[in-house]
Amino acid sequence: MVAAEVCLYWLPLGAGGRSVRWNGRVFERLVALREHRSPCDLYHAALTLTLAERRYVVEMAPEWSGDGDRGVVRSGPVGLAWLGRSRWFRYEVRLWRDGTIPDLDEAVGGPMHLATDPARLRRLFEAAPHVPAATWGRDELGLGEMWNSNSVVSWLLAVSGHHVDTLAPPTGGRAPGWDAGLALARQSGAGSCA
């Protein structure tokens with residue numbers, strides 16, 4: 001019997017679809033060119049949580065990408081704040097009981113089991129509805145990096161007291177937005193952010 005478990009997954013950006021993968025590669029090549037470095041593989045973070053024998057998924061996804069109860073706890077705009085008036089330009093943060101993560105079988109390196117306990121996991125559950133609803137793909141919070149799914153995952157882990165100092169995407173890859181979530185958690189003085 002597992003009392004509490006947190007698993008972090010690194011999914012290749014655009015796993016299962018060509019459009020997002022192609023756009024991500026173009027984005028990364030432009031950023032790498034600007035930063036005078038070689039392009040990296042891009043990753044998207046997702047979590048599975050187990051508490052008292054119940055399994056949950058934490059992920060950010062487009063609002064239009066599902067039907068029924070998906071455990072939505074927060075939503076925000078994509079691209080530009082005013083575009084968020086349309087569901088086609090909105091994301092949702094899901095804390096989804098018995099939920100699924102598309103393309104979980106493509107996760108690189110399998111699950112990373114993070115040290116946790118029921119108290120930290122409950123703090124993560126409590127924090128989820130308070131994830132900042134910043135505009136996806138923008139740095140409107142002045143954190144030095146765009147806000148996205150990686151920001152949500154890193155922020156939740158940090159504010160709930162999970163140790164994030166050694167977490168990183170697979171070798172040769174990067175997770176844009178990850179540091180934005182950590183920076184915001186540090187600003188609030190919450191959790192283990194270093």
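**Cysteines, rings and the buried core**

The count of disulfides, where a disulfide is a pair of cysteine sulfur atoms within 2.5 Å, comes to zero. The model is a predicted one, in which local features need pLDDT of at least 70 and side-chain atom pairs count only at pLDDT 80 or more, while totals for chains, interfaces and linings use all residues. Residues are numbered from 1 along each chain as its sequence is written, and side-chain values use heavy atoms, with hydrogens and water left out. Cys7 is buried, with a relative accessible area of 2%, and Cys40 is partly exposed, at 24%; here buried means under 20% relative accessible area, exposed means over 50%, and partly exposed lies in between, with a 1.4 Å probe and protein chains only.

The protein chain contains four helices and seven strands, which are DSSP runs numbered from the N terminus, helices being H or I with at least four residues and strands being E with at least two. From the N terminus on, the order of these elements is β-α-β-β-β-β-β-α-α-β-α. Of its 194 residues, 48% count as buried. Among contacts (heavy atoms within 4.5 Å) with a separation of 6 or more, 76% come from residues 24 or more positions apart.

How many aromatic pairs are there? The count comes to two aromatic pairs, under the rule that rings of Phe, Tyr and Trp (its six-membered ring) pair if their centres lie within 6.5 Å, with planes under 30 degrees apart counted as stacked, over 60 as edge-to-face and the rest as tilted. Trp10 and Trp178 form a tilted pair, with 5.2 Å from centre to centre and 55 degrees between the planes. This pair links distant parts of the chain, since Trp10 lies in strand S1 (residues 4-12) and Trp178 in helix H4 (residues 178-188), 168 residues apart. Trp10 is buried at 1% relative accessibility, and Trp178 is buried at 5%. Tyr56 and Phe125 form an edge-to-face pair, with 4.8 Å from centre to centre and 85 degrees between the planes. Because Tyr56 lies in strand S3 (residues 54-62) and Phe125 in helix H2 (residues 118-127), the pair ties together parts that are 69 residues apart in sequence. Tyr56 counts as buried at 16% relative accessibility, and Phe125 is buried with a relative accessible area of 18%.

Strand S1 also holds Val6, which is buried at 0% relative accessibility. The C-alpha atoms of Val6 and Leu47 are separated by 6.9 Å, although the two residues are 41 residues apart along the chain. With neighbours within four places in sequence left aside, the contacts of Val6 include Leu47, Leu49, Met112, Leu114, Leu121 and Leu157.

Tyr43 has its place in strand S2 (residues 41-51) and is buried at 7% relative accessibility.

H4 is followed by Gly189, whose phi is positive, near 70 degrees.

Two further positive phi values occur in loops. Most residues other than glycine have a negative phi. Glu53, although not a glycine, has a positive phi of about 70 degrees; Glu53 is found in the loop between S2 and S3 and is exposed, with a relative accessible area of 51%. Asp103, also a residue other than glycine, has a positive phi near 65 degrees; Asp103 is found in the loop between strand S5 (90-97) and strand S6 (112-114) and counts as partly exposed at 26% relative accessibility.
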